[in-house]
Amino acid sequence: MRTLTVFALLAVALVVSAAAGILVGAVAIAPGDVLSALLGADNTNGTIIRELRLPRVLGAALVGGALAAAGALLQGMLRNPLADPFVTGTSAGASLGAVLAVALGFEPALVPLAAFAGAMAAIALVWRLARLGGKTTVLTVLLAGVVLTSFAGALVTLVLVSSDRLALRLRAVLGWLQGGVSVISWNELVVAAIVVAVGVIGAVLLAPRIDAYAFGEETAAALGIDLDRTTAAVLATTALLTGAAVAIAGLVGFVGLVIPHALRFLLGATHRRLIVASIPAGAIALVLADLGARTALAPAELPVGVITGLVGAPFFLALLVRSRRVIV
Amino acid sequence: MSSVVARGIRAGYQEREVLRDVDLAAHAGELVALIGPNGAGKSTLLRVLGGLLRPSSGDVTIDGIDIAALDRRRIARHIAVVPQVFETLFPFTVREIVALGRTSRLGPLGTLGAEDARAVERALDDIGAADLADRRIDRISGGERQRAVLAMALAQEAGVLLLDEPTAHLDPAHQRATLDRVATLARVRGLAVVAVLHDLNLAAAFASRVVLLADGAVIRDGDVGDVITPQLIKEVFGAGLRVVAHDGRPFVIPEPASIGERRARAG
């Protein structure tokens with residue numbers, strides 16, 4: 001009953017926030033005109049709605065949903081609410097992959113795949129580093145994540161400064177890195193949506209196996225989990241979701257951290273329910289954050305990462321303080 | 001009716017060999033207690049039996065099948081391990097935890113069927129945890145959590161049950177209740193049970209057979225009265241433990257050091 005209520009509320013909130021995202025913007029457009037624009041009116045409003053606001057709202061929804069699902073996966077496998085793609089260095093790896101792809105002149109549609117490759121390399125490396133001590137704990141993963149995030153960040157700066165192609169668009173690229181859904185074409189959106197869809201299917205299929213990690217890896221193995229294969233599948237799925245999200249919106253922090261954690265209070269711990277709910281909840285959060293980002297200081301735009309950072313960082317700290325007893 | 005048999009086990013971690021040529025068997029209906037000092041290799045042996053640590057030589061068979069030839073899923077259908085750590089930060093309900101015992105029977109889409117749901121309810125009933133089913137695992141007492149993970153292992157419906165110090169964090173009443181339950185299950189369900197026990201008196205009270213391990217080797221394997229003897233206990237655990245007989249059962253009583261010993265130590 002409670003589960004149904006939560007899902008119904010999420011559905012309503014998703015529709016409302018998407019509508020708000022399309023209706024509100026730097027240019028005031030009457031709701032009636034928005035509707036006719038969506039239906040294909042051939043005028044300036046039509047262009048603004050169809051080529052700017054709609055892809056932007058869809059992009060934000062994809063990014064939020066993907067990051068929240070990825071966060072739920074990582075938290076489940078590490079059995080700790082402190083993990084997400086951002087703090088594990090996965091997002092940083094994805095941003096390096098994306099920046100390299102742009103610097104090397106790849107097709108824009110290929111950027112999500114390059115971001116996926118970067119995310120995969122980063123999370124595989126973090127896991128390997130974290131394993132050096134024997135057991136994979138959230139503490140070692142976070143430490144390895146911090147190191148990798150700095151390293152990838154330095155490489156991104158190096159590429160930005162030394163690439164002629166990027167130097168011309170430095171401002172736009174920096175804005176994207178800070179987390180922004182501003183420049184997105186339908187082509188990029190479609191590619192990212194396909195990648196996210198594959199990731200979501202993987203996440204939902206893997207969810208019951210992640211439940212088995214509740215008492216740690218050894219118990220998961222005793223319950224019948226093939227640790228190597230399952231871990232690899234979870235990391236690859238996380239990288240897919242993160243890669244697509246970063247390709248669209250750069251480094252958006254904390255959505256993957258906060259959403260699954262908050263939903264756990266409402267829906268309990270089992271991961272299939274949690275992941276399925278995380279997708280609309282993450283989408284809502286980022287559509288609203290993006291709405292805030294482009295209206296708070298209008299006509300100037302804030303990177304959406306600023307909003308999620310302002311809300312998410314204190315939340316992360318509170319979580320860290322509360323759970324330091326069990327962090328290792 | 002299952003049995004687990006380990007032969008000629010050598011195993012360890014990296015450079016350090018912990019087990020040196022160990023044989024151990026547990027048959028249907030038996031509760032075999034694994035006793036020995038810290039570092040004797042009891043937990044390592046249990047990991048080998050559960051297929052969680054590959055021995056460098058020797059083999060483990062269940063009903064004659066070498067587990068090295070089975071994947072994790074198949075092993076989990078034959079051998080259940082009761083975890084020693086049963087803390088989680090996530091708000092799973094007890095029923096959800098017990099359902100984890102069915103992980104090895106998940107369908108291709110990761111779903112459980114009606115038979116799995118029945119196994120979960122049966123395990124909850126068997127362990128007397130049905131009233132806990134909808135409680136959150138992070139909000140019940142240590143003893144209740146212990147029952148929940150025991151029910152989880154039972155839901156696996158494996159013929160072999162392995163327990164690593166199942167009574168470690170329990171008060172005496174819960175220690176007794178847990179082992180009584182496990183011994184009964186072994187008898188009634190025909191499970192082959194191996195339990196690492198630190199408390200020699202619990203081993204003496206509930207085990208159908210005792211295996212004394214020291215320094216990675218089996219010192220003695222036999223009936224309670226043949227293993228927990230004054231001579232063997234002194235040999236393996238050192239002085240200071242008195243073994244007395246009561247009700248036809250050995251009791252191990254720790255003795256304070258004598259005045260002479262204390263003086264000698266103080267030098």
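In the predicted model, strand 1 (residues 3–13) and strand 2 (residues 16–27) of chain B form an antiparallel pair held by eight bridges. Within this pairing, G12(B) of chain B lies opposite E17(B), a residue of strand 2 of chain B. The two strands make a hairpin with two residues between them. In this hairpin, Q14(B) adopts a positive phi near 45°.

Strand 1 of chain B also pairs with strand 4 (residues 57–62) of chain B. The two run antiparallel and are joined by five bridges. Here A6(B) stands opposite V60(B), which belongs to strand 4 of chain B.

Between the chains, 25 residues of chain B are in contact with 26 residues of chain A. On the side of chain B that touches chain A, the elements contributing two or more residues are helix 2 (72–78) and helix 3 (94–99) of chain B. Helix 2 of chain B gives the most, with three residues. By residue class, this side of chain B comprises 14 nonpolar, seven polar and four charged residues.

As to confidence, the average pLDDT of chain B is 91, and 99% of the residues score at least 70. For the complex, the predictor gives an ipTM of 0.91 and a pTM of 0.90.

How values were computed
Residues are numbered from 1 along each chain as its sequence is written. Chains are lettered from A and ligands numbered from 1 in the order in which they are written. This is a predicted model: local features need pLDDT of at least 70, side-chain atom pairs count only at pLDDT 80 or more; totals for chains, interfaces and linings use all residues. Two strands pair if DSSP finds at least two bridges between them. Helices (H or I, at least four residues) and strands (E, at least two) are DSSP runs, numbered from the N terminus. Two residues are in contact if their C-beta atoms, placed from the backbone, lie within 7 Å. Ala, Val, Leu, Ile, Met, Phe, Trp, Tyr, Cys and Pro count as nonpolar, Asp, Glu, Lys and Arg as charged, and the others, Gly among them, as polar. pLDDT is the predictor's confidence in each residue, from 0 to 100.
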